[in-house]
Structure formats: structure tokens, C-alpha cells
Amino acid sequence: MREPPSGFDAFAQSYDEALNRGIRLSGEGKEFFATGRIAWTRQRLGERAAQVRRVLDFGCGTGTAVPILLEAFPQASVLGVDTSAASLEVARRAVSDPRAAFLPLDQLPGAGAFDLVYTNGVFHHIPPGERAEALAKLAAALVPAGYLAVWENNPWNPGTRWVMSRIPFDRDAIPLPPTEARARVTAAGLEVLGVDFLFFFPRLLSFLRPYEPWLARIPLGAQYLVLAEVPATSEGGPNEVPATSGPT
């Protein structure tokens, strides 16, 4: 698989500023969204009594999610991988926890190494023709009964598309609709456990946020999660399992 674009080297020092400028209309900063995504992922995994010991943050960028993942899964170690060497250097300086490590994508450990693969906002930067190969790689990185959590911007939300148009590194990205994400994850041999939508209300309407769990299946949230699991099999890896759509 050709690695995702490494043009992010140019944004390594200004990434946070550019992102926060783009999402300013929401009234929140990047930490709000990162914390919300990971808390939701932890909740969904907790409902399944998942044991998470090793986490892969695929496309970790400057490492924003890694401390939050370590806090959410205190028994786990986290490996962040990315194609941007400059971003990885920023991440190494920012995150000193000994449970965290950062490597170039081409040094990703062999198959079956992780209980959870977490990725946010990466696949809209991967050319559509290479997305299947990328997902197959992530599926292979999981242990038996491991979990894949794919977070993406929701192109069905007009506000999301407007925000992406304001962020330099997202302007030319090719959005990944939830239906395509679900289909591609299934085609990679994983069982989709659900598709959830999050971030419906800006800070101005934050008094409505407690209702978001009841809105999670309405496809209008600013971001969505496709949560999937390696199916139980007697032999073979995830790509040898017949595809199944799983519950919605």
C-alpha cells in the first residue's frame, strides 16, 4: 500500500492553529472533539466488556489523541503511526508518557498486534482507490476479536463540509460517506457493530448535548464512528471471513 500523503509536514507546526480556526464556528477547540470521540469509543467498547491493552492510533498526526487514549484506557499502551515525519517529531516532544510511542507508518508492527485500532479523519486524505488496501492493513493489525474504530467527518452535514473548506489541509480532501465507510470496513472482513453520529450541537446550544446519545443513529452529526470487530473464526485472518453487514 502506498502510504497516505505526507504533505502534512508543512502543517506540523501550524496544525492546531489551522484546525481551531476552521472549527471556530462550533465554539469549541480540537480537544473538545478529541475527548468526545474517545469517550464515545470507550463507552461503546465498555458495553462489550472489551479488554484493551494495545492501541494503534493510525494517522496520529501531532499526537493530540494519544494522551486522551491513555487516560481512557489506563491499562493500555498506545502506538501512534503517521507518514509525516515532522508531525511525529511534534508528537514525541508533546507526549512524554512511557506508555506512548510514535513510529513512521512503514514501521508498523506485524499482524495481530493490537486490541484496538483507532483512526480519526484519515481516510478522507487517502485516495479512494487505496482505501480498501489501507483498511485491510488495519484489519490485519488486530488481534482475534480486536476492534476497529473509524471516525470520519460526515459529508451529509452541511456544516462539516463548510468547516473542511476553511481548513487548508482539508480543502482538497475527498469525503468518505458513512455508507461507503461501512461497506469498505465490511469488505475488509470485519463485522460492523454499529454506525454512530456525534456532535450535533455547537456550544451555543450546549444545553441540548445531553440528548446526543439518543440522536446517535440520526445521520446528521458532524462526525460519525464505524465500530467493527474481527469476527470469531476457527482459523484464518479477518480477510478470510465472509462479509457481513452486521447490525445498524
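Before anything else, I wrote down what a patch is: it is made of residues with over 30% relative accessible area and no salt bridge, and nonpolar side chains are joined within 5 Å. I also noted that this is a predicted model.

**Entry: the surface.** I looked for a nonpolar patch and found one formed by Leu-204, Leu-205 and Phe-207. Together these residues have about 350 Å² of accessible area. I then picked out Leu-205, which sits in the loop between β6 and α8 (212–215).

Entry: Next I traced the strands. Seven of them make an open, mixed sheet, and I read their order as β3-β2-β1-β4-β5-β7-β6. At the edges I found β3 (100–104) and β6 (191–198), each pairing on one side only. On average, neighbouring strands here are turned by 20° against each other, ignoring direction.

Entry: I zoomed in on β1 (residues 54–58) and β2 (residues 77–82), which run parallel and are joined by five bridges. Which residue in β2 is the bridge partner of Asp-57? I found Gly-80 there.

**Entry: helices on the sheet.** Helix α5 (residues 128–140) packs on the sheet and touches β1, β4 (114–120) and β5 (142–153). Its direction makes about 140° with that of β5. I also checked helix α4 (residues 85–94), which lies across β2 and β3 and runs at about 170° to β3.

Technical notes: Residues are numbered from 1 along each chain as its sequence is written. This is a predicted model: local features need pLDDT of at least 70, side-chain atom pairs count only at pLDDT 80 or more; totals for chains, interfaces and linings use all residues. Side-chain values use heavy atoms; hydrogens and water are left out. Two strands pair if DSSP finds at least two bridges between them. Helices (H or I, at least four residues) and strands (E, at least two) are DSSP runs, numbered from the N terminus. Axes are lines fitted to C-alpha atoms, for helices over the stretch in contact, and angles run from 0 to 180 degrees between N-to-C directions. Contact means heavy atoms within 4.5 Å. Patches are made of residues with over 30% relative accessible area and no salt bridge: like charges are joined within 9 Å, nonpolar side chains (Val, Leu, Ile, Met, Phe, Trp, Tyr) within 5 Å. Accessible areas come from the Shrake-Rupley method with a 1.4 Å probe; for residues, only the protein chains shown count as cover. A salt bridge is a side-chain nitrogen of Lys or Arg within 4 Å of a carboxyl oxygen of Asp or Glu.
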